[in-house]
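Hi everyone, thanks for coming.

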Amino acid sequence: MKFGIVIFPGSNCERDCFYVAKNVVEQEAVHLWHKERDLQNVDVVIVPGGFSYGDYLRAGGIARFSPIMSEIINFAEKGGLVIGICNGFQVLVESGLLPGALMVNKNLKFICEDVYLRVENNKTPFTRHFKKGEIVKMPIAHKEGNYYAPPDIVKELENNGRVVFRYSTEDGEITEEANPNGSVNNIAGIINEKGNVLGMMPHPERMAETILGGDDGRKVFTSLLEMVS
Amino acid sequence: MKKKPEVSVELAKKLGLKEDEYERIFKILGRKPGYTELGIFAGLWSEHCSYKSSKKFLKRFPTKGPQVIQGPGENAGVVDIGDGLAVVFKMESHNHPSYIEPYQGAATGVGGILRDVFTMGARPIANMDSLHFGEIGFPRMKYLVEGVVEGIGDYGNCVGVPTVAGETYFEKGYNYNILVNAFTLGIANKDKIFYGRAVGPGNKVFYVGSRTGRDGIHGATMASEEFSEDTEEKKPTVQVGDPFMEKLLLEACLKVMDKNLIVGIQDMGAAGLTSSSFEMAGRAGTGMILNLDKVPTREEGMTSYEIMLSESQERMLLVVKKGHEEEVKKIFQKWDLQAVEIGEIIEEPVMVGYFHGEKVFELPVHPLTEEAPVYDRPRKVPDYIKEVHSFDENSLPLPDDLTETIEELLVRPNIASKRWIYRQYDHMVQINTVIRPGGDAALLRIKGTNKFLGLVVESNGRYTYLDPLEGSKWIMAEAAINLATIGTRPLAITDCLNFGNPEKPEIMWQFEQSVEGLSLACEILKTPVVSGNVSFYNETNGKPILPTPAVGMVGLAEGIKKIPSNFFTSGDNLIYLVGDSPLSLAGSEYLKMKKGSIIGKLPSINLEYIANLVELLLSLWWEGNIESAHDVSEGGVAVALLEMSMGSRGKIGFNIKLPGGNERIDRILFSETPGRVLIEVKEKNRENFEKAVREKNIPIYYLGKTTNEKGIIDAQLIINTVELFKKWDNFLEESLRQ
């Protein structure tokens, strides 16, 4: 299986995602430069975290105009698997692949810490190795991760199992205290209607090895392996 | 165009030069300097760039060792870690700019130190910071804290270098001069280290990165003066950072170095193009011809003076290997950056600059760099020393309620959790962080190897105020023990020496004593100094900061059997106090809380013993006989025990009995003298553990056991650790909000 990890100017998690794909789950991995149009026959595209184009306009606001993004949009429309992590999620939202917006955290500050997530849907290509309702630990690291969508969209997401991860307590309760950034309904990750594009603020690649404090995030990568083989 | 100011002794003084230094310029040149030339002298001869007051003393530092590849004098130090790898690191101060404009001051401090490291060919993998603020309630202090933390965070987070450890102090002595010291460490291939040397006459000099603006002109001079009431007016001397540009520059520079296309490279830091060009030529014994018309500028009508002295950020000077100019340009273009040829290396050690068809400077290189003025300034023991040393600890009444005292200590700003700060720093990007901020030191793995790095920054202005020599030994001892509590062997250090006005004999005495203390410790702990920086003139209206040498120490472990911890891991384990140190309340948080002042005489510590303790801790982790270890430092044994239970949010407590005898209970509980460590051991490892300690001839006291949600000392002091955790954890955020 082949992972393609996008590099925009300002990306800074592309090497981490590459390492996990290649060295932890032992798959083929390539980098995709933002100025290119060739997706190099990858099976999964990862849009990694960072500060694409410095995030000076709006997080992810410029990246969507890059040549590689139009190819990724085509790829996604044909059913190709795409994950956007952190800034990557912001890019996918800005490109229209996922609905809603990511606003500044409610405390207006950058937050880097482990959070607990409840897996709301394990029937996606990205989460099939999780149990439904499983509580997992992964870190967040962002200043703009406060997910917002108009009530009708949120309703549509909720009713169709498109909320994939939700911030929860260690015991799986969905409380305001467990919500680090103010996201509507504690939403941490969502999927598109077709189920092939995932966006999430937490970083699964940072929790893929026990030496770093846990390996819950690894399942996001391993779930995919079964998908395309 | 503006008319150039007339060169005169008054103008020279305005630029920070002394009268005799101005005369010296005439002697060197045999003529009157031009305006741009005078600016160049002022920049290079500023305290910040020339180290003219400190140079004589810095020679005392031990800088050699089998592990040292490059010691002080380059952009950063380089240390061999085996298997063809090297670590490159340095710490630098950005105190003055951060006080004037906290966000940009701190951000550009991080930017500058990152460049110092990646110019050596190393990819930065970790940042740390040492911060000293005034009292939280002091006017403007919350604004400074918020700004500095956000500035450090935003810059490091964007570039994608994790901030993995640090220290933060709040103390009256920094009310008017805060300290912001930033540390960066990078990893490089041992045989691919690049230096700031302008070698090879005929090679072209390239300018890369941001355009040159009018920001930060004379920042170096500003950082070489005391503050007075007009500090606000100095805002324009503070630079503005662009971490996105830095990230692009980092990737492009690492690429040209990886492909071996350049022979020399240096960041345009303090004194901008002036220092980078002169220093590079100075180290190589060459000269340069610079065409200032080619320098990309941000605004119209900039003068040669401004171009040479601007401290605009994110700019580098490269010397390209002949014939590879186009390749270099292409790599920078890939990252949407400009690489512009602005000059050429010449054999003769002379720096020549042309602008608008006119020769604007022609200066010999060596007299400005290597032969810059050096002072042997007078030293004198300050009057306060006798007074603070005369305090008699026995005059202090014993506390009525020890439980209350301990609980109070835990929420002192210096002891309370710093989570509010490090939560704003991405400390995990690059996925190497094994032990995160909040412990004694950070532990990083190096991918593809079995190596681990330990990182710590250490300072304590109170100790070094009471006794700069002994205090410096204390902070070195603490740093080494901190690294050993996470199983890494101290390798080398970098330092930031923060002091007041060196023209005052009392300050120079503090400086000399500190250098001596650090040196003694470096020798015995076998941790040479490989890089560093001196920051003088941390004074406002004649009042200096506490003398504050800060040390960044790096440790190494090859293979790890068990991931070390500084926190209790489970209930029903044994707790030991290992080691001995002369008990004293001097400079302690407890004494400060009780008396409101920094007083006492630090007892002398035995550094050979500290080195032995370090070896013991390393062998204990290596054998896997222990579960956690934490050194006794600020707040004493009482605070150290509670800190060990904070890792479990207070859920794992302790029930212990202290060794005592006839000693005062507060000295037992709150002495901060380095050399004691708390260790958690499983019953099944008891014998092996005790044997290992005894073999090293180190004293050992069995204290008791870990237990649930309570801290019990001598059956009488009972602390609810879960409740205390919440207070300790929230303290900083709440006090900043008030």
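**A short tour of two chains**

Let's begin with Asp154(B), which counts as buried because its relative accessibility is 18%, under the 20% cut-off. Please keep in mind as we go that this is a predicted model. Asp154(B) sits in helix α8 of chain B, which covers residues 141-159. And what does the side chain of Asp154(B) join up with? Its partner is the side chain of Lys143(A), through a polar contact of 3.0 Å.

Staying in chain B, have a look at helix α10, residues 243-258, where you'll find Phe244(B). Phe244(B) is buried too, with a relative accessible area of 13%. If you trace the chain between Leu38(B) and Phe244(B), you cover 206 residues, and the C-alpha atoms of the two are separated by 34 Å.

Now for helix α26 of chain B, residues 721-737. Several residues of α26(B) are buried, among them Leu724(B), Phe725(B), Trp728(B) and Asp729(B).

Next, a pair of glutamates, one in each chain. Glu26(A) isn't a glycine, yet its phi is positive, at about 55°. You can find it in the loop between α1 (14-24) and β2 (28-33) of chain A. Glu26(A) is exposed, with a relative accessible area of 63%. Over in chain B, Glu709(B) also has a positive phi of about 55° without being a glycine. Its loop runs between β26 (700-708) and β27 (710-713). Is Glu709(B) buried or partly exposed? It counts as partly exposed, because its relative accessibility is 41%, which falls between the 20% and 50% limits.

Last stop, back in chain A. Leu57(A) lies in the loop between β3 (44-47) and α2 (67-77). Leu57(A) is exposed, at 56% relative accessible area. Together with Ile62(A) and Phe65(A), it makes a nonpolar patch on the surface, and the three have about 320 Å² of accessible area together.

That's my tour, and I'm happy to go back to any of these spots.

Notes. Residues are numbered from 1 along each chain as its sequence is written. Chains are lettered from A and ligands numbered from 1 in the order in which they are written. This is a predicted model: local features need pLDDT of at least 70, side-chain atom pairs count only at pLDDT 80 or more; totals for chains, interfaces and linings use all residues. Side-chain values use heavy atoms; hydrogens and water are left out. Patches are made of residues with over 30% relative accessible area and no salt bridge: like charges are joined within 9 Å, nonpolar side chains (Val, Leu, Ile, Met, Phe, Trp, Tyr) within 5 Å. Accessible areas come from the Shrake-Rupley method with a 1.4 Å probe; for residues, only the protein chains shown count as cover. A salt bridge is a side-chain nitrogen of Lys or Arg within 4 Å of a carboxyl oxygen of Asp or Glu. Helices (H or I, at least four residues) and strands (E, at least two) are DSSP runs, numbered from the N terminus. Buried means under 20% relative accessible area, exposed over 50%, partly exposed in between (1.4 Å probe, protein chains only). A polar contact is a pair of N or O atoms within 3.5 Å; within protein, one must be able to donate a hydrogen and the other to accept it, and residues adjacent in sequence count only if both atoms are side-chain atoms.
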